[in-house]
Amino acid sequence: SVAEGDRANLITDDNRRLYVNDAHPNRWAVRENYAAAQTNNQLKAAPGAGLRLYITDIVMSTDTAMNIKLVEDTAGTPADVAGPYYFAANGGIAMPFKTPLALTANTDLGFTSSAAGNHTVEVHGFIAP
């Protein structure tokens, strides 16, 4: 919270270029590996009232032809967030988002995979209103 009269110290280099930390203070990362097909498997719990999960990066890989999608509200009425992405055997993707994907407020993040086979799902993001 900021109040009138508050101040902040800025740090610059010798050429007066501002140093900026572009990592969000409420960032998170989840990674799971499975051999069996998953249905609405929770990756990241709901953040709480008035808060959302924002996705900044998705990395997925599989050794088997299948599709994988990210969903929200895994215990309720799951809705697609990203995908489905269709993979050939030994396929994968890495997607950074310049504009983060926002989930519905106070919902969890999960995924569904269509087939058995080794697969990894990794998602990075942050929590904010």
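Q: Which residues is Ala94 in contact with, leaving aside its neighbours within four places in sequence?
A: Ala94 is in contact with Ile58 and Val59, where contact means heavy atoms within 4.5 Å. This is a predicted model, so local features need pLDDT of at least 70 and side-chain atom pairs count only at pLDDT 80 or more, while totals for chains, interfaces and linings use all residues. Residues are numbered from 1 along each chain as its sequence is written, and side-chain values use heavy atoms, with hydrogens and water left out.

Q: Is Ala94 buried or exposed?
A: Ala94 counts as exposed, because its relative accessibility is 59%. The cut-offs are under 20% relative accessible area for buried and over 50% for exposed, with partly exposed in between (1.4 Å probe, protein chains only).

Q: Switching to sheets: what is the strand order in the open sheet of four strands?
A: The order is S2-S7-S4-S5, with antiparallel pairing. Two strands pair if DSSP finds at least two bridges between them. Strand S2 (41-44) and S5 are the edge strands, each pairing on one side only.

Q: How many bridges join S4 to S5, and how many join S4 to S7?
A: S4 has six bridges to S5 (residues 79-87) and five to S7 (residues 109-113). For example, Met66 has Phe87 in S5 as its bridge partner, and Lys69 is opposite Thr112 in S7.

Q: And S2 with S7, how many bridges there?
A: Three bridges, again in the antiparallel sense. Lys44 is opposite Leu109 in S7.

Q: What about the hairpin of S4 and S5, which residue takes a positive phi there?
A: Asp73 does, with phi near 60°, and the hairpin has six residues between the strands.

Q: How many of the seven residues of S4 are buried?
A: Five of them, so S4 (residues 66-72) is mostly covered.

Q: Now the core. Which residues touch the most other members of the largest nonpolar core?
A: Leu43, Leu70, Leu109, Val121 and Val123, out of 18 residues in that core. A nonpolar core is a set of buried Ala, Val, Leu, Ile, Met, Phe, Trp, Tyr and Cys residues joined through side-chain atoms within 4.5 Å. S3 gives the most to this core, with four residues.

Q: What does Leu43 touch, not counting residues up to four places away in sequence?
A: Its contacts include Val30, Glu32, Leu70, Leu109 and Phe111.

Q: Last topic: how many aromatic pairs does the structure hold?
A: Two. Rings of Phe, Tyr and Trp (its six-membered ring) pair if their centres lie within 6.5 Å; planes under 30 degrees apart count as stacked, over 60 as edge-to-face and the rest as tilted. Tyr34 and Phe111 form a tilted pair, because their centres are 5.8 Å apart and their planes are at 50°. Tyr34 counts as partly exposed at 23% relative accessibility, whereas Phe111 counts as buried at 0%.

Q: And the aromatic pair of Tyr54 and Phe126, what's its geometry?
A: That pair is stacked, at 4.9 Å centre to centre with 10° between the planes. Tyr54 lies in strand S3 and Phe126 in strand S8, so the pair ties together parts that are 72 residues apart in sequence. Both Tyr54 and Phe126 are buried.

Technical notes:
Helices (H or I, at least four residues) and strands (E, at least two) are DSSP runs, numbered from the N terminus.
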